[in-house]
Amino acid sequence: MYKTIFDDLFELNREMNRVLKTGGVSGKLNWPETNTYENSDEYILVSKVPGLEKEDIEITLKDNSLTIRGNRNKETGDELKNHLNERFSGEFERNFMLNNKVDIDNINAEASDGLLIIKLPKSAEIKPKKIEIK
């Protein structure tokens, strides 16, 4: 697989989110882990969100910036002594800058089996148009 300038822009966006959110301190900052895909008709984001229900997640799109926001509560009660805690808990927010316009009226999001799948159909104006020769 080859790397494009868009990959570099996504990496820069992720690093800017990390620095601004944590003051440069590394930690559990790129949660939820997300893969992005593209086909001829849409962009697809797949985020790992184990233990969350759809009511725990909010998705917004503003000015070509997609935001995934939510909250994961701690899993252990007060009666348990915690020896190791590697799973993220608390509020989270992930931002993704979209390079192209999307059809905002037909965005589809679903959460099941610990995955959040967001499908962003490409706007008709950015899809290639076949021109008929007369």
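Me: What makes K122 count as lying over the face of Y43?

Reply: K122 sits 5.1 Å from the ring centre of Y43. The label asks for NZ of Lys or CZ of Arg within 6 Å of the ring centre and within 35 degrees of the ring normal, so 5.1 Å meets the distance limit. This is a predicted model, in which local features need pLDDT of at least 70 and side-chain atom pairs pLDDT 80 or more, while totals for chains, interfaces and linings use all residues. Residues are numbered from 1 along each chain as its sequence is written, and side-chain values use heavy atoms, leaving out hydrogens and water.

Me: Is S47 buried or exposed, and how do you know?

Reply: S47 has a relative accessible area of 0%, so it is buried. The scale runs like this: buried is under 20%, exposed is over 50%, and partly exposed is in between (1.4 Å probe, protein chains only).

Me: Why is the pair of S47 and T34 called a polar contact?

Reply: Their side chains come to 2.7 Å. A polar contact is a pair of N or O atoms within 3.5 Å; within protein, one must be able to donate a hydrogen and the other to accept it, and residues adjacent in sequence count only if both atoms are side-chain atoms. The 2.7 Å value is therefore inside the distance limit.

Me: How do you know which class L115 belongs to?

Reply: L115 comes out at 34%, so it is partly exposed. This residue belongs to strand β7. Among the residues it touches are V46, S47 and V49 (contact means heavy atoms within 4.5 Å), not counting residues up to four places away in sequence. L115 and V49 are 66 residues apart in sequence, yet 5.4 Å apart from C-alpha to C-alpha.

Me: What makes D63 and N64 worth a look in phi?

Reply: Most residues other than glycine have a negative phi. D63, which is not a glycine, has a positive phi of about 50°, and N64, also a residue other than glycine, has a positive phi near 60°. D63 is in the loop between β3 (57-62) and β4, and N64 is in the loop between β3 and β4 too.

Me: Which accessibility class does each of the two fall into, and why?

Reply: D63 has 69% relative accessibility, so it counts as exposed. N64 has 27%, so it counts as partly exposed.

How values were computed. Helix = DSSP H or I, 4+ residues; strand = E, 2+ residues; numbered from the N terminus.
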